[in-house]
Amino acid sequence: MIALGLEGSANKLGIGIIQHDANGKATVLANVRHTYITPPGQGFLPSDTARHHRAWIIPLMKQAFAEAKISFSHIDCICFTKGPGIGAPLNSVALVARTLSLMYNKPLVAVNHCIGHIEMGREITGAQNPVVLYVSGGNTQVIAYSQRKYRIFGETLDIAIGNCLDRFARVISLSNAPSPGYNIMQEAKRGNQFVELPYTVKGMDCSFSGLLSGVEAVANEVMDEKNPNKITKQDLCYSLQENGFAMLVEITERAMAHVGADSVLIVGGVGCNDRLQQMMGEMCSDRGAKVYATDERFCIDNGIMIAQAGLLAFKTGGICSLEDSTITQRYRTDDVHVAWRE
């Protein structure tokens with residue numbers, strides 16, 4: 001079976017084509033992506049992001065099929081991101097999915113974006129039943145599978161860790177290319193002075209709004225010419241990462257202890273961060289556990305993860321009618337019935 005996956009929940013537009021053999025082994029036939037990048041100091045507006053997706057989706061589609069060396073007749077199902085995400089870009093991509101379904105008479109599969117990250121991470125790394133840390137620009141969740149659902153054990157109470165990093169990158173005018181989080185990671189490697197910042201963990205949940213407000217306040221002092229402590233922007237990026245990632249490691253370890261897990265899978269765009277992987281690796285080493293992560297091809301939003309999760313759902317009857325092929329900006333991970341796992 002071959003599935004086409006369309007992802008466009010935020011500023012990245014991805015098209016993926018995946019093939020499953022008779023034993024369920026996955027082969028990536030194509031995984032192409034284009035990112036809407038704004039000038040330094042600016043975020044991305046929903047209308048502009050949707051316009052970007054509409055302009056690029058046909059060229060990306062052609063590129064994906066050229067790389068896969070197949071035609072549309074080989075496709076068994078069309079998978080699209082139903083949510084969560086930003087309304088306007090989600091709608092743009094869902095519209096294309098519906099159009100293709102009608103044109104080529106192919107079934108539709110609506111995919112939860114978070115489930116896409118998890119299933120692609122499991123496929124690529126071989127992780128069987130890990131505690132999942134899902135960290136991105138819009139989501140921060142600690143997840144474990146139980147009884148046909150991915151259960152959320154802990155999550156952010158306000159903004160996501162990725163949003164925290166992105167917004168601070170705007171404060172200090174870092175470039176948005178290739179991504180704000182990547183540039184903060186590079187700046188943090190040059191920091192050597194730790195600045196004390198708010199650390200907020202409440203049970204299994206955490207909060208990043210206070211951390212962001214705290215580092216912004218210090219940044220305003222840094223930008224002042226007097227700056228008596230000689231704190232640099234690099235020091236602030238370093239301190240922001242250390243604080244935020246320590247919170248994530250703490251609640252992940254607590255979830256591991258609760259369910260008796262021996263592995264952690266890190267997914268989502270922030271999962272590419274070297275320092276987060278290192279800190280999680282140190283915690284897992286102390287527990288005799290293993291940490292799994294993917295590279296930027298699969299941790300950053302992409303179409304192949306939507307194709308993977310969609311094809312798993314399709315093989316267990318998860319077809320979406322045209323009438324139900326709407327999008328929802330608030331589509332929780334634990335709302336999905338995971339029929340393909342025992």
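The legends below describe close-up views of a predicted model.

**View 1. Crossing of helices α3 and α10.** The axes of α3 (residues 113-125) and α10 (residues 303-314) come within 8 Å and cross at roughly 90°. Because angles of 65 to 115 degrees count as roughly perpendicular, α3 is described as roughly perpendicular to α10. On the α3 side, the contact is formed by H113, I115, G116, H117, E119, M120 and E123. The α10 side contributes I304, M305, I306, Q308, A309 and L312. Sorted by class, the residues of this contact comprise seven nonpolar, four polar and two charged.

**View 2. Crossing of helices α5 and α7.** Helix α5 (residues 180-188) and helix α7 have axes that come within 7 Å and cross at roughly 110°. The two helices, α5 and α7, are therefore roughly perpendicular to each other. From α5, the residues I184, M185, E187 and A188 meet Q234, C237, Y238, L240 and Q241 of α7. The contact of α5 with α7 holds six nonpolar, two polar and one charged residues.

View 3. Q234 is located in helix α7. Its relative accessibility is 17%, so Q234 counts as buried, the cut-off being under 20%. When neighbours within four places in sequence are left aside, Q234 is in contact with E187, A188, R190 and G191. Of these contacts, E187 and A188 also belong to the α5 side of the meeting between α5 and α7. Q234 and I18 are 216 residues apart along the chain, and their C-alpha atoms are separated by 40 Å.

View 4. With a relative accessible area of 35%, R254 is partly exposed. Not counting residues up to four places away in sequence, R254 touches V201, G203 and M204. R254 and C272 are separated by 18 residues in sequence, and the C-alpha to C-alpha distance between them is 22 Å.

View 5. Within α8, the residues L276, M279, M280, M283 and C284 are buried. These residues cover an arc of only 135° around the axis, and they therefore lie on the same side of α8. S285 and D286 are exposed on the other side of α8. The elements covering the buried residues of α8 include β6 (131-135), α7 (233-259), β11 (263-267) and β12 (290-293).

**View 6. Helix α2 and its covering elements.** The buried residues in α2 are G87, P89, L90, S92, V93, A94, V96, A97, L100 and S101. Among the elements that cover these buried residues are the strands β1 (2-7), β2 (12-20), β4 (77-83) and β5 (108-112), together with helix α1 (46-68). Just after α2, N105 adopts a positive phi of about 55°.

Terms used: Residues numbered from 1 in each chain as written. Predicted model: local features only at pLDDT ≥ 70, side-chain atom pairs only at ≥ 80, totals over all residues. Heavy atoms only, no water. Axes fitted to C-alpha atoms, helices over the stretch in contact; angles between N-to-C directions. Helix = DSSP H or I, 4+ residues; strand = E, 2+ residues; numbered from the N terminus. Parallel < 35°, antiparallel > 145°, perpendicular 65-115°, else oblique. Contact = heavy atoms within 4.5 Å. Nonpolar A, V, L, I, M, F, W, Y, C, P; charged D, E, K, R; others polar. Buried < 20%, exposed > 50% of the residue type's maximum accessible area, 1.4 Å probe, protein only. Arc of directions from axis to C-beta.
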